[in-house]
Amino acid sequence: MICHLKRILVYDALNPTNNGSSTCVVQVDWFNTLLNYALIIINVATVVSILHRRRVDAITTRFASCICLAFVTSFQLCLCLFIADCVGVSIIWCSTFGWLLMCMQTLSSSPTRTTAPTVARAVTFLDCGAIVFYAVVSDIIGTIAHCLAVVMGIMLWNVATRSNKYSNESETRIKSN
């Protein structure tokens, strides 16, 4: 299982069984590994920047954001370890991309009509480019997984913002009593 986890984290799709050997031989796909981890870092940093800039998000939303990121990470690992024979961490950046889309939509529909920062728009363009790139060079199942992960990020955003809404309502009721 440790060997399989190593394969997942470094995109070793070429060496699935290690030929029944007890030794773990992992071949790192540097391009995909660096691309996907860079996309995770860029997406998470952009979302954190937007949440920090808004300053209206309660601690509940920030906590929910951390919980959602942990959920998506564990979902990716469990999916590849136990359900599908997959490698990589693209579900993480794709779901964070969905989260970013909702952050940008929330900014544009707020009463102050704040536009999304240029960096957020650039990251969105980069994410779309990566999804198109993988659609061209990978199997269709990967593209479907990427698109479903974006939808999962959008759904997690809705769950997190609803938890913030209910938290704020309960705080208001407590203060009024």
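Of the 177 residues of the chain, 39% count as buried, a term that stands for under 20% relative accessible area, whereas exposed stands for over 50% and partly exposed for the range in between (1.4 Å probe, protein chains only). The structure is a predicted model, in which local features need pLDDT of at least 70 and side-chain atom pairs count only at pLDDT 80 or more, while totals for chains, interfaces and linings use all residues. Residues are numbered from 1 along each chain as its sequence is written, and side-chain values use heavy atoms, with hydrogens and water left out.

The secondary structure consists of 6 helices and 0 strands, where helices (H or I, at least four residues) and strands (E, at least two) are DSSP runs numbered from the N terminus. Read from the N terminus on, the elements follow the order α-α-α-α-α-α. Among contacts between residues at least 6 apart in sequence, 67% join residues at least 24 apart, a contact being defined by heavy atoms within 4.5 Å.

The largest nonpolar core has 32 residues, and those with the most contacts inside it are Ile 50, Trp 93, Trp 99, Leu 100 and Cys 103; such a core is a set of buried Ala, Val, Leu, Ile, Met, Phe, Trp, Tyr and Cys residues joined through side-chain atoms within 4.5 Å. Two or more residues are given to this core by each of helix H2 (30-54), helix H3 (59-83), helix H4 (90-109), H5 and helix H6 (140-176), and the largest share, 11 residues, comes from H4. When neighbours within four places in sequence are left aside, Leu 100 is in contact with Asn 43, Thr 46, Val 47, Ile 50, Ala 120, Val 123, Thr 124 and Asp 127.

The accessible surface of the chain comes to about 10,400 Å², of which 70% belongs to carbon and sulfur atoms; the areas come from the Shrake-Rupley method with a 1.4 Å probe, and for residues only the protein chains shown count as cover. On this surface, Phe 31, Val 132, Phe 133, Val 136 and Val 137 make a nonpolar patch of about 490 Å². Helix H5 (residues 118-137) supplies the largest share of the patch, 4 residues. Val 132, which lies in helix H5, counts as exposed because its relative accessibility is 52%.

The count of disulfides comes to 1, a disulfide being a pair of cysteine sulfur atoms within 2.5 Å. This bond joins Cys 80 to Cys 86, with an S to S distance of 2.1 Å; the link is left-handed, with -110 degrees about the S-S bond, and both cysteines are buried. Cys 68, by contrast, is in no disulfide, and the nearest cysteine sulfur, that of Cys 66, is 9.3 Å away. The C-alpha atoms of Cys 66 and Ala 160, which are 94 residues apart along the chain, are separated by 9.9 Å. The sulfur of Cys 128 is 9.6 Å from the closest cysteine sulfur, in Cys 147, and is therefore too far for a bond; Cys 128 is partly exposed, with a relative accessible area of 37%.

Note on methods
Patches are made of residues with over 30% relative accessible area and no salt bridge: like charges are joined within 9 Å, nonpolar side chains (Val, Leu, Ile, Met, Phe, Trp, Tyr) within 5 Å. A salt bridge is a side-chain nitrogen of Lys or Arg within 4 Å of a carboxyl oxygen of Asp or Glu.
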